[in-house]
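Subject: Structure for you to look at

Hello,

Here is the structure I promised to pass on. Please open it beside this email, and my notes follow below.

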Amino acid sequence: EHVKGMLPAFQRRAEAAVTRLRELAPLQLPIVGIEATQVLLFRQEYPSVTDCAGTPPVLTLAEYLARTELSFAANQRPAVHLFSHCTEKTQLGESVSQWQQVFRRLGLELKPIATGCCGMAGSYGHEREHAAESALLFEQSWADSLKQARQQGLVCATGFSCREQTERMAGERVPDPATVLLALLD
């Protein structure tokens, strides 16, 4: 909403979310966001439009798991290749190393893949007037790397929009890192 200039609607959504977070504060537990870009809303965007005092900390899943003692052993040890959301890489630079730490503690290697934007860029890739540019960005930044990584082992992607774009452009579903961990620990 806010990136499209719908600031009143964004402010209402932010205020409602902050109200719900304050209701959870007495539990004295962190809130864990599965999608890193949503966590960034709580940290960067919501404070610009509403008072966030009294809310519990909001962590990314990678941050939470990196702090948590894990005692599982993976049944398989395939190479796992990580495609990170471009906003996550720029705004949460430690995210890749946190995911690597989590995988390493479970006896798995996580190999980050150097890519740029997948071309989805929020709603951009869904907009008819940007369809060609969106497809070109995917082709230039993700397509070849995805094929190569897939040939060398498992692939995962942190961003929902990245996973959606991969399904649209390459015709394949790519899981998030937590889903890969659950499958390997089963």
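The lining of the largest cavity draws at least two residues from each of α3, α5 and α8. Keep in mind that this is a predicted model. The count comes to one cavity of 30 Å³ or more. About 110 Å³ of space lies in the largest cavity. Its lining has 14 residues, and I34, L61, W99, T158 and P177 lie nearest the centre. What classes are found in the lining of the largest cavity? Seven residues are nonpolar, three are polar and four are charged.

Next, the cores. In soluble globular proteins, nonpolar side chains tend to be buried together. Here the largest nonpolar core has 18 residues. V80, W99, F103, L110 and L181 have the most contacts inside it. At least two residues of this core come from each of α3 (61-67), β3 (80-83), α5 (95-105) and α8 (177-185). A second, separate core has 13 residues, including C118, A143, L146 and V174.

Look at W99 again. Leaving out residues up to four places away in sequence, W99 touches L61, A62, L65, L82, E88, L110, T158, P177, A178 and L181.

Last, the cysteines. The count of disulfides is zero. Is C86 buried or partly exposed? C86 is partly exposed, at 25% relative accessibility.

Best wishes

Definitions and conventions: Residues numbered from 1 in each chain as written. Predicted model: local features only at pLDDT ≥ 70, side-chain atom pairs only at ≥ 80, totals over all residues. Heavy atoms only, no water. Core = buried A, V, L, I, M, F, W, Y, C linked by side-chain atoms within 4.5 Å. Buried < 20%, exposed > 50% of the residue type's maximum accessible area, 1.4 Å probe, protein only. Helix = DSSP H or I, 4+ residues; strand = E, 2+ residues; numbered from the N terminus. Contact = heavy atoms within 4.5 Å. 1 Å grid on protein atoms, 1.4 Å probe; cavity = no way out; pocket = protein on both sides within 12 Å on 5 of 7 lines; lining within 4 Å. Points joined across faces, edges and corners; volume = space filled by probe spheres on them. Nonpolar A, V, L, I, M, F, W, Y, C, P; charged D, E, K, R; others polar. Disulfide = S-S within 2.5 Å.
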